[in-house]
Structures are given as C-alpha cells and as structure tokens.
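Good morning, and thank you for joining this meeting. I would like to take you through one structure and discuss two kinds of contact in turn.

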Amino acid sequence: MNLSLFVQQILNGLTLGSVYALVALGLTLVYGILHIPNFSHGALFMAGAYTAFFFIGSLGANYWVALIGAAAVTAAIAVLSERLVFSRLRDSPPLHDMIAAIGLLLFIEAVAHAIWGADFRRMAPPFPGIMRIAGTVLPIQRALIIGGAIGLMIALHLFLKRTTTGATIVAMAQNREGASLVGIDLTRVSIITFAISGALAAVAAVLFAPINLISPSMGNLVILKAFVIIILGGMGSVPGAILGGMIIGFAESFGAFYISTDLKDIIAFALLVAILSLRPQGLFPAPSR
Amino acid sequence: MLRCEGATLDYGSYRALSGVTMHVDKGELVVMLGANGAGKSSLFLAISGLRKLKAGSIRLGDHELAGRKPSQIVADGLVHCPEGRKLFPGMSVHKNLMLGAYVHRRDPEGSKAILERVFEMFPILREKQHQNAGSLSGGQQQMVAIGRALMGRPKVLLLDEPSLGLAPLVVKQVLAAVKAINEAGTTVLLAEQNAYAALKIAHRAYVIENGRIVMEGDPDALLGDERIRKAYIGA
Ligand SMILES: Nc1ncnc2c1ncn2[C@@H]1O[C@H](COP(=O)(O)OP(=O)(O)OP(=O)(O)O)[C@@H](O)[C@H]1O
Ligand SMILES: [Mg+2]
C-alpha cells in the first residue's frame, strides 16, 4: 500500500468529516433542545453558499467578509424560520414540525432557484496554494476547512460549558420544564439555538464551496448525511455529531478510494444500517429526558 | 400575598381545576392536601405559568400572574419546586444551583451568599457539588431541587410533593428544612401526601378533590376531622 496515498485519504476524510460535523452540529442542537427534526437545515447550508457567492461576485467582498456575511444572513434566515414557523408549532404534534421543515426546505430552494437559476456555480478558490504534510499535498483550502471546523467546535464547546447563556441552552435540552421554572425563557433559547445552527451551516458551506459546486439542491445530500450522522451519534448529542461526522467523512474518503467513487454516497447509509443494527441507541445516546 | 380566584384549567376536554379559590398570606406555610389526580400539580403549574388558565385570576401581591411567562413569574418572586424535581441531570450540583439564580445573574455576590445558606441547610450538597445531579440519590436530588428553588430568592415558594419517594428519615429532614425556610421569612405553599407530617408544620391547609377546594381550615381542625383522617392519614 502506498503510504502517501493513505495519508491523502486521511486528509480527505478529515476535510469531509469537518464539513459534515459542522452541519450535523447545528442539526443536533436544534433537535436536542427543541425536538425539531429540521429538514430545512440543508437549505440553510445552500443559502450560506449563495450568500457568500453574492457577496464576492456582486459586492466584490473578500472571502472573509463573505464568510461572516453569509453566517450572519443565514443565522437571520434560521431565526426567521423559528419565529414565523416553528415557534407557532410548539404545541402541535411532532409530525407538524417535520412537514413544516420540508415545506421550508422547498421554499428556500425555490427562492434560490428564482434568483440564481438551476445552473451550477463556482466560487473561485480564495487560497489556491498548497502545503506539504508528511510527503502529501494539502491544499490550503482543505487545511482551512479542517482548522476552521476544529476552531468552531472548540468555541461552541466553551460557549456551552462556560457561559451562562450556553448553560441555559444545555439546561433547556436536559429538562425543558425545569429550565422554564428557573426563569429561562424558551423563546430566547430557541432564537439563539437557531442562530447558531444557521451560522454553523453557512460557515461549513462557505468553507466547502471553493472545492465544490454551488447549486440550489446542494444541501440535499448533505442534510441526509447529517441526519445519518446525528442518528449514529445519538440524537441531540454534541460529541456524537462530531464523531459521527468524522466517521462518515472517513468512510466516504476511504470508500471512494479503495472501493469505488460511484458508491461514495451510499456508504453513509450502509454504515447507518450496519451500526444501528449493532447499537440501536446510537454511539452517544443523549441522557434520558 | 398569593391569591387564586376561580382558577379553571382544562386539558383538552378534561377539566383539571374548576373554580379554585384559595390564598396564602405573607409568611404563611399553607398545605394543599389531595389524593392522586386531585389537581395539586395542575394548580401549581398554573400559578407558575406553565399551564394557561381557562378562566379565573392568580395574583401575587397586587400583580396579576395569569398570562405572564414563567420566566417573568420567577422574576416576580414566585418560585415553583416541581414534582419530580426536574433537575438538569447531566450538570453538576453546583451548576444546577447556580442556574436556579438565573434571574439574578446580574448579582453574583448575592447568589454566592444564598448558595452558602443552601450548603448550610444541606451540607451533603457542598460535598457533592461537583458531581452530576443525575448521579445523586433521590433524597439528595430533592435537596438540590429545593436548593435550586431557593437560589431564585422566592418571596413565595411552591413545593410540589418534596418528599415523594423518600425514606421516612429523609422525609423528616426535608420537611424540617421546609419549616426552616418558612421561618426564615419565605411564604410557602406545600403539596404533600404525608398529610400528618405536613399538617404538623403548617399554619393552614386546604383539601382539593377533583379540581375543587372542598375544605379549608387550621391543621388541628383537619387533624381532628374524621373524613380527613380516613382519607389522607389512614387512621
Ligand atoms: N398534561 C396533561 N394532560 C391531560 N391530563 C392531565 C395532564 N396533567 C394532568 N392531567 C390530569 O389532571 C388531573 C389532575 O392531575 P394533577 O397532576 O394536577 O394531580 P395531583 O393532585 O398533582 O396528583 P398527584 O398527587 O398524583 O401528583 C388528573 O386526572 C390527571 O390525569
Ligand atoms: Mg402532583
């Protein structure tokens, strides 16, 4: 076996895993805290990519400004969807959340379609350079994805563990009634959670876009995989989303290389079936509520 | 201090409270007796804003509570220590207690002083403060729940069956703590299954049946009442 090719697959796996983990983190936060299976999360991913594309292409912004702008705009879209749709379904059966989320997904996709059309778009790589690690080539954009994802995960961890606002989010996830009874406002927590999930999805998309294509349906496969990841990791579990994201990222990278590129997208689902038949509760079952 | 008038609550087509009128005066310790399903928890949840009343009013001082959010009601000075504790099981005891002081987060010094008093009341919690609340015994968890409620600096404290499922010795300890909290100046409304022990520490009591207040009186009168003894004390 060729060692440098092997290392290459590890780096690819880390890159993919980082993107998946960021998307899955937002999804698992919203599910764990608000019990909403947010299918429209993939549309947020897509919206983030298009927003950055617009900032760079039409406003001439640089990549970093576009990244921050996309995070802010997408967070706002996520908050709007919470305010206008999900908060109104709080006392309805869970199925209504699911249907609303799918409706939102179709709606946001249609808006992107109306503005930018169905064509695939490219975002010019802002950092076309490469670096060399252990005899293999690592494009700077991929290093950025990995570094950015790790940085955001640490930031999220510190936010949840060390700040009072973070504690209110965790409290709401662990016991909603208990949280209300100490005076934590569910509306405030919902807004913050949706904002975080939108921003994470946008950052993942903007980091990923230069090595991928942008299209109105770009979020669909990603969101399906993100659901696989949070089911694997345990619905609502933050470490589970990160580990699950990495597992799927590595499986795809190694699967594409050693098995077949054509089967790459099936691997996630095959793994889901395999792991759940051995561990139906997921890798990190969330504490019982 | 706390006054419910004609409080009516429905769960779908089921009427859990029908026109409950009751009050707790400042400094009082009032006990709410009632069999399983009588409506005690429903009344408490309505008072603390977790369930919306169909009709009637709930006043704290001269402040209408019905229609306010739970978070506002806590800030108003009414704290509800719920049945089943509702702790944050994956967080440390210390963090559970500090979240109890969430509405007073701008005054960390004041909260530290109250935390100290909670630890004096329940010394075991000081020892276990870095353990996850979910890993404590039932009695210890109940102490965390009471401590967490105290951290909210209640003027009026609602305690819903704080002794549920605890060993007799621990029940005694918990009820002694409730009495001490009341003597330190907090107005208390207590729902209890241990009618005898509860009446022993109470100033006044109500009996609720099928969502209606059916009796009110001072503890001695209730303890002497044949029906009450039969229904709630079993002697
Ligand atoms: N969420 C709910 N949905 C429908 N019915 C409910 C709900 N909560 C309570 N009830 C019903 O309302 C009635 C009163 O319940 P509640 O919990 O207030 O009784 P309780 O006096 O606290 O009883 P216990 O001593 O067992 O705690 C019961 O008949 C119960 O079945
Ligand atoms: Mg009850």
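Buried area, as I use the term, is the accessible area, taken with a 1.4 Å probe, that two parts lose on being put together, summed over both. Please bear in mind that this is a predicted model.

Let me begin with the interface between the chains. Between chain B and chain A, about 1,800 Å² is buried, and carbon and sulfur atoms give 64% of that area. On the chain B side, the residues that lose the most area to chain A are Lys86(B), Phe88(B) and Tyr102(B), which together make up 29% of what that side buries. As for the residues taking part, chain B supplies 23 and chain A supplies 20.

How many salt bridges does the rule find across the interface of chain B and chain A? There are three. In one salt bridge, the side chain of Lys86(B) meets that of Glu177(A), at 3.3 Å from N to O.

I turn now to a pair of helices within chain A. Helix H2, residues 41–57 of chain A, packs with helix H9, residues 218–233 of chain A, at an angle of about 135 degrees, and their axes are 8 Å apart. H2(A) is therefore oblique to H9(A). The crossing of H2(A) past H9(A) is right-handed.

Which residues meet here? From H2(A) come His41(A), Gly42(A), Phe45(A), Met46(A) and Ala49(A), and they meet Met218(A), Gly219(A), Val222(A) and Ile223(A) of H9(A). Sorted by class, this contact has six nonpolar residues, three polar residues and no charged ones.

Note on methods
Residues numbered from 1 in each chain as written. Chains lettered and ligands numbered in written order. Predicted model: local features only at pLDDT ≥ 70, side-chain atom pairs only at ≥ 80, totals over all residues. Heavy atoms only, no water. Axes fitted to C-alpha atoms, helices over the stretch in contact; angles between N-to-C directions. Helix = DSSP H or I, 4+ residues; strand = E, 2+ residues; numbered from the N terminus. Parallel < 35°, antiparallel > 145°, perpendicular 65-115°, else oblique. Left-handed = near helix turned anticlockwise from the far one by under 90°. Contact = heavy atoms within 4.5 Å. Nonpolar A, V, L, I, M, F, W, Y, C, P; charged D, E, K, R; others polar. Salt bridge = Lys/Arg side-chain N within 4 Å of Asp/Glu carboxyl O.
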